[in-house]
Amino acid sequence: MAKEPERNSCLLRDLRQRAGNDICADCGAAEPDWVSVTLGVFVCQGCSLIHRSILSLSQVKSVLQDAFEDKEIEFISSMGNEAAKAKYEQQVPPFYYRPSHTDCRILREQWIRAKYERLEFIYIERQEPYSAGYREGFLWKRGRDNGQFLSRKFILSEREGALKYFNKHDAREPKAIMRIETLNATFQPAKIGNPFGLQITYLRDNSTRNIFVYHEDSKEMVDWFTAIRAARFHYQKVAFPGANDEDLVPRLTRNFMKEGYMEKTGPRHTEGFKKRWFTMDDRRLMYFKDPLDAYARGEVFIGSKENSYTVVPGLPPATQGYHWKYGITIETPDRKFLFACETEAEQKDWIAAFQRVVNRPMMPQEYAVEAHFKHKP
């Protein structure tokens, strides 16, 4: 007869095979090896570290290494990931970002706290900080010229269809008005050098403008991010009245497809190659002198193969002036763009990103973007 610890370990491994328990309850990662004995959910190692950091919330044990008491097994058996989801995710707004295991810690931690600690999706009134359609507060914003972070007043207004910021706390006129129509926000902790760093982009005269902000309080920062998504969601509901929520949600905010350094040359291909920071944002390939520049030095629209856009490895035979040897050529209806990567792995990653875009048919509104696009040298 099996001893109690061994029997409980077997029972626990069987429980983990149940539908829903085979992926992390919080981020969806496969084969979670940890379980919260206070919440009754199976979680991955990354989320288990977050659970452990919230002492009042969760006691976490290893499925493979720890011993479990009978009452713990009984509770986990009665709950599990599916029942916990039904309990703690009753009223998640469609615009609320559900993080995956690849997302940064701030998003995963605030999702876990919102669910289990603040019970925001059980008591809908607790969603007011990001669902009210209006938000006002102060964020640290990176200066465009000096790179210093300074406190700036921000106002998000769904009614006005804009996010605004003011250079002085008592200023009447905003320094910038960012239309909700073109607004995007993506967490960039490594790039910005702050664990709560958020990059906000918008279009001005069909060119991309970047601003970089953070707040010392992680909940405050995620509330701003969620408020932007909520405003975008309600804008899209009006702009596309027949669309389902499932169609609109992927368009609220987007992470960049790829970022990193490459070398580039000018339109005549006779200039020397220069090292630039590149950002692939949907069909816009932008390049910057510095990753934290406010404006791109240039932008390239990348259409679909049906419209004569192609991506090939290597550079034309006579090309000179490049230092990195792993080349990429993008052919558009107007010209060829030449890039060089430092490593073969980077070359393959960039080509894969470009290919995903080229292989995707263009949407009607993207033809308008292509028509108005300004190719900068």
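## Aromatic rings in a predicted model

Both Tyr88 and Tyr116 are buried, and in this predicted model they also meet as a pair of aromatic rings, one that is edge-to-face because the ring centres lie 5.0 Å apart while the planes stand at 80°, where over 60 degrees is the cut-off for that label. In total, the structure holds 20 aromatic pairs.

Another edge-to-face pair is formed by Phe273 and Tyr322, with 5.7 Å from centre to centre and 70° between the planes. Phe273 sits in the loop between strand E11 (258–264) and strand E12 (274–281), and Tyr322 sits in the loop between strand E15 (310–313) and strand E16 (326–331), so this pair ties together parts that are 49 residues apart in sequence. Phe273 is buried, with a relative accessible area of 6%, whereas Tyr322 is partly exposed, with a relative accessible area of 34%.

Aromatic residues can also be grouped: Phe95, Tyr96, Trp111, Phe121, Tyr130 and Phe233 form one aromatic cluster.

Finally, some rings have a charged residue over the face, as the table shows for Phe240 and for Tyr261.

| Residue over the face | Ring | Distance from the ring centre |
|---|---|---|
| Arg251 | Phe240 | 4.3 Å |
| Lys275 | Tyr261 | 4.5 Å |

Terms used: Residues are numbered from 1 along each chain as its sequence is written. This is a predicted model: local features need pLDDT of at least 70, side-chain atom pairs count only at pLDDT 80 or more; totals for chains, interfaces and linings use all residues. Side-chain values use heavy atoms; hydrogens and water are left out. Rings of Phe, Tyr and Trp (its six-membered ring) pair if their centres lie within 6.5 Å; planes under 30 degrees apart count as stacked, over 60 as edge-to-face and the rest as tilted. Buried means under 20% relative accessible area, exposed over 50%, partly exposed in between (1.4 Å probe, protein chains only). Helices (H or I, at least four residues) and strands (E, at least two) are DSSP runs, numbered from the N terminus. A charge sits over a ring if NZ of Lys or CZ of Arg is within 6 Å of the ring centre and within 35 degrees of the ring normal.
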